[in-house]
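Q: Can we go through this model feature by feature? I would like to see how each kind of reading is made.

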Amino acid sequence: MFNLIQWTIKQEDIESYAHASGDHNPIHTDAEYAKKAGLPGCIAHGMLVMALGSRAIDEWCAEPLTSYDARFQAMTYPGEPLAIKGSWIDEEAGKGSVTIENEAGEVKMKGFFTVKR
């Protein structure tokens, strides 16, 4: 098991990601629009959540990342504390897993990765 990483995505992070990625869908940046779309408020971009997983892998492993596959399980909201967990599946082959969940244990994303050996 790798060291637990904790992170809270702020609305400012979401807005910065929208600007950097060009994904200006208002469900990410306009709370009123998100509510009209049936959401409780703004949601984080899935790719921003995936990037947190990538960042964690980079902290856990000295070797370069060669593959990364992620599946989103639930929406992530600004201000929601997240726990990023990971472990080796086959350390010798450089294969591992990463999971991002909130404090209640709701899984936001699950992924698998390989680092160069």
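**Reading the features**

A: Start with N102: at a relative accessible area of 10%, N102 is buried, because the cut-off for buried is under 20%. Keep in mind that this is a predicted model.

Q: Where in the fold does N102 lie?
A: N102 belongs to strand β4, residues 95-102.

Q: Which side chain does the side chain of N102 meet in a polar contact?
A: That of E80, at 2.9 Å. The N102 side chain also places a polar atom 3.0 Å from the backbone nitrogen of A104.

Q: Which residues does N102 touch, leaving out those up to four places away in sequence?
A: E80, P81, L82 and K108. E80 and K108 come back below, as both belong to a salt-bridge network with E106.

Q: Which residues of α4 are buried?
A: L48, V49, M50, L52, G53, A56, I57 and W60.

Q: What covers the buried residues of α4?
A: The cover includes helix α1 and the strands β1 (5-8), β2 (65-72), β3 (81-90), β4 and β5 (107-115).

Q: Is A20 buried or exposed?
A: A20 is exposed, because its relative accessibility is 68% and the cut-off is over 50%. A20 lies in helix α1, residues 11-21.

Q: How many disulfides does a search of the whole structure find?
A: First the general idea. A disulfide covalently bonds the sulfur atoms of two cysteines. Here the search finds zero.

Q: Are C42 and C61 buried or exposed?
A: C42 counts as buried because its relative accessibility is 8%. C61 counts as buried too, at 4%.

Q: How many salt bridges does a search of the whole structure find?
A: Eight. One of them joins K10 and D13, with the closest N and O atoms 4.0 Å apart. K10 is partly exposed at 44% relative accessibility. D13 is partly exposed at 24%.

Q: Why would residues three or four places apart in an α-helix point the same way?
A: An α-helix has 3.6 residues a turn, so such residues point the same way. Now the case here. E32 and K35 both sit in helix α3, residues 31-36, three residues apart, or about one turn of the helix. Their side chains meet in a salt bridge, at 4.0 Å from N to O. K35 is partly exposed, with a relative accessibility of 43%.

Q: What is the N to O distance in the salt bridge of R117 with E63?
A: The closest N and O atoms of R117 and E63 are 2.3 Å apart. This pair links distant parts of the chain, 54 residues apart. R117 is in the segment after β5, and E63 is in the loop between α4 and β2. R117 is partly exposed at 45% relative accessibility. E63 is partly exposed as well, at 26%.

Q: Which residues do salt bridges with shared partners join into one network?
A: E80, E106 and K108. Two of these names, E80 and K108, are also among the residues that N102 touches.

How values were computed
Residues are numbered from 1 along each chain as its sequence is written. This is a predicted model: local features need pLDDT of at least 70, side-chain atom pairs count only at pLDDT 80 or more; totals for chains, interfaces and linings use all residues. Side-chain values use heavy atoms; hydrogens and water are left out. Helices (H or I, at least four residues) and strands (E, at least two) are DSSP runs, numbered from the N terminus. Buried means under 20% relative accessible area, exposed over 50%, partly exposed in between (1.4 Å probe, protein chains only). A disulfide is a pair of cysteine sulfur atoms within 2.5 Å. A polar contact is a pair of N or O atoms within 3.5 Å; within protein, one must be able to donate a hydrogen and the other to accept it, and residues adjacent in sequence count only if both atoms are side-chain atoms. Contact means heavy atoms within 4.5 Å.
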